[in-house]
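Me: Could you take a close look at the salt bridges in this model and walk me through where they sit?

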Amino acid sequence: MVAAAQHPHIKLMTYAEVENIAGYVGNFEVTIRQKARSVDASKCTGCGTCWEKCPTKADSEFDLGLGKRKAIYLPFPQAVPAVPVIDREHCRQFTKGKCGVCQKVCPAKAIDYEQQDDVITENFGAIVVSTGYDLFKWEEVYGEYGYGKYPDVITGMHFERLNNASGPTGGKILRPSDGKEPKTVVFIKCVGSRDEAKGKSYCSRACCMYTAKHAHQVLEKIPDSQAIVFYMDIRTPGKAYEEFQQRSVHEGAVYVRGRVSRVFQEGDKLIVRGEDTLLGRQVEVAADMVVLATAMVPSEGWDRVAKMIGLQTDKDGFFQEAHPKLRPVETFTAGVFLAGACQGPKDIPDTVSQASAAAVKVCQLFAKDEMATDPMIAAVDESICSGCAMCEKICPYKAISIKTITERVAGRQVSRRVASVNNGLCQGCGTCSVACPSSAMNLRGFTNEQILAEVDAVCL
Amino acid sequence: MKRIGVFICHCGTNIASVVDVKKVAATAGSFPGVVYATDYQYMCSDPGQELIRKAIKEQRLDRVVVASCSPRLHEPTFRKTVESAGINPYLFEMANIREQCAWVHARDKDRATPKAIDLVRAAVAKVNRDGPLQAATIPITKRALVIGAGIAGMQAALDIADTGYEVVLLDREPTIGGNMVKLDKTFPTLDCSA
Amino acid sequence: MSVAQTPDWEPKIVAFCCNWCAYAGADLAGLNRLQYPANVRVIRVPCSGRINPQFVLRAFQRGADGVLVSG
């Protein structure tokens with residue numbers, strides 16, 4: 001993370017969103033909205049006085065609501081850049097119009113309540129889409145696990161925050177409900193994955209492994225603890241993966257093959273009722289905490305990104321690569337490449353490999369100063385074009401515009417409008433040549449004359 | 001007057017066992033503009049391509065038709081062949097007599113040959129009206145945008161930047177790191193995620 | 001008696017196929033050795049949007065009995 005921040009050739013734009021992408025390979029024009037941080041990043045030193053003194057608290061998004069943060073905050077201590085942001089929905093200066101504590105205490109005078117969103121346009125030759133994943137919203141459909149009403153039924157990501165030394169518990173595994181250390185932790189895999197009835201048809205690929213890691217962490221950190229994993233299948237196809245999973249089994253993790261039918265509260269215990277399909281009988285566990293391995297789904301806003309760039313998606317919203325085997329990081333939009341879970345669920349090793357592959361594709365493009373375009377594209381005969389713009393309207397690639405030309409007719413200078421084809425945008429579909437009422441537009445390599453000659457030849 | 005050369009491929013026995021390639025070549029020789037027509041076992045092989053190049057030189061051909069497999073497979077190959085013999089690569093056409101003739105009419109040999117002839121005639125008619133084309137060039141802005149600064153975005157940005165190109169690494173959150181930075185240790189080596 | 005009633009008559013069909021889908025499909029039919037009647041002649045176009053009604057009319061004018069537009 002720090003490597004990316006300190007790299008002389010990388011410019012970070014955080015708290016920013018892409019609003020529009022125009023242009024084509026080698027020549028994208030991207031409109032970016034830099035959201036107002038309410039902090040002047042050029043003055044802020046990241047000293048932390050503002051968030052120490054801020055009187056307003058809110059749930060920390062970074063800790064998935066397990067901890068609190070201030071209204072002016074860094075998502076987490078090592079955040080990059082170390083420039084806080086004011087959450088205008090909670091900050092009293094914005095909700096009630098008075099407070100101003102952070103502005104008063106800031107030694108660098110960096111707080112700026114008046115700051116506005118800044119919309120800028122920049123030019124790029126290539127785009128890597130790496131918008132990642134969100135977790136499946138299990139609370140909406142899995143009534144058997146309590147619809148999210150039991151605080152100690154959490155997701156794997158919550159469990160990561162509890163384990164993380166910079167997390168809300170300082171790295172101790174504690175129950176969100178009462179802060180006690182759980183002795184019996186039940187893990188349920190395939191929550192949303194491989195469940196066409198309630199969730200997604202696909203396997204999320206990382207859950208078997210992180211659940212094995214979680215079980216290991218429970219057994220390592222909590223003395224006399226029990227880790228029980230309910231699973232459908234164990235899938236460990238990766239280098240050193242099976243060995244890792246076996247290690248957690250040897251450490252004492254109990255794997256039960258079967259689905260959990262119900263989780264309910266009884267006293268301060270969570271009763272997990274399920275089936276052991278290998279023994280062919282019902283099992284019931286009195287657990288202190290239940291951790292769900294929820295499915296990976298495309299990051300919220302995937303549909304907007306797809307529309308903006310013209311990316312195709314699969315039925316679940318993951319971006320479609322140009323070929324599943326041979327062009328795994330390219331897309332059907334030239335100059336746009338995919339990396340990571342936005343293309344499909346994957347773990348870190350696969351993500352890193354794919355990201356490096358996407359980077360090579362970008363560098364391949366940049367290694368040349370110019371790119372040759374397919375010459376089999378539309379061409380206008382300006383001498384007969386009437387400038388009616390039928391072609392401009394019908395072109396699916398927005399490759400045609402109308403320009404004004406000046407010519408000498410009978411000794412006088414005359415200006416008139418004619419169609420003009422952009423070489424970079426034209427994909428050679430020829431739709432324009434069909435729409436053209438005067439046959440001024442033709443498609444090179446598939447001209448009207450050529451196709452008619454072919455018709456004549458096969459009808460002989 | 002145009003000087004078209006037609007080359008009929010046997011594709012081993014793939015085409016030749018169904019289509020009478022000699023007859024197709026002989027008939028093609030009489031099409032308007034065709035000054036040379038021949039057949040060969042594998043047109044895409046090195047000797048096959050050499051045969052085309054040699055014929056272009058010796059027969060002073062200015063346009064070429066190859067009747068073989070689908071243009072979706074070997075059109076780029078043969079465009080390069082004719083270009084290497086000094087002909088504009090767009091003065092070239094293919095007739096698909098394998099996927100769309102020999103293979104689908106294997107049990108109807110009587111009609112596969114006339115169909116192959118028709119397909120070659122269409123390709124000759126088309127190549128007759130081909131004009132030389134030149135690829136245009138577009139400039140490339142050597143600057144990349146990476147949308148999303150999780151592990152994928154950071155890795156891609158670092159790799160591109162290490163090559164010396166400028167990168168903008170963008171994220172909607174106030175910090176980079178994405179989901180990855182929320183994780184504790186990562187499998188299978190249990191190293192730290194930050 | 002019309003031609004269509006002669007026993008050995010068969011129609012002459014011209015098919016316009018988009019390079020990216022229908023034409024690729026016709027190639028796939030070949031790869032899978034699917035057999036179909038030999039009376040269809042495929043003309044490759046870069047997109048079904050390229051097919052001018054004029055092409056279809058010309059085919060009929062020159063004696064085609066059927067025209068298939070596929071893309």
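Reply: Let's begin with A:D233, which forms a salt bridge with A:R257, their closest N and O atoms being 3.8 Å apart; a salt bridge here is a side-chain nitrogen of Lys or Arg within 4 Å of a carboxyl oxygen of Asp or Glu. This pair links distant parts of the chain, 24 residues apart: A:D233 is in the loop between β13 (226-231) and α7 (241-250) of chain A, and A:R257 is in strand β14 (residues 254-257) of chain A. Helices (H or I, at least four residues) and strands (E, at least two) are DSSP runs, numbered from the N terminus. A:D233 is partly exposed, with a relative accessible area of 28%, and A:R257 is partly exposed as well, at 31%. Buried means under 20% relative accessible area, exposed over 50%, and partly exposed in between (1.4 Å probe, protein chains only).

This is a predicted model, in which local features need pLDDT of at least 70 and side-chain atom pairs count only at pLDDT 80 or more, while totals for chains, interfaces and linings use all residues. Residues are numbered from 1 along each chain as its sequence is written, chains are lettered from A and ligands numbered from 1 in the order in which they are written, and side-chain values use heavy atoms, with hydrogens and water left out.

Another salt bridge joins the side chains of A:E122 and B:R143 (2.5 Å, N to O). That pair crosses between chains, from strand β8 (residues 118-124) of chain A to strand β6 (residues 143-147) of chain B. Both A:E122 and B:R143 are buried. Over all chains, the structure holds 44 salt bridges.
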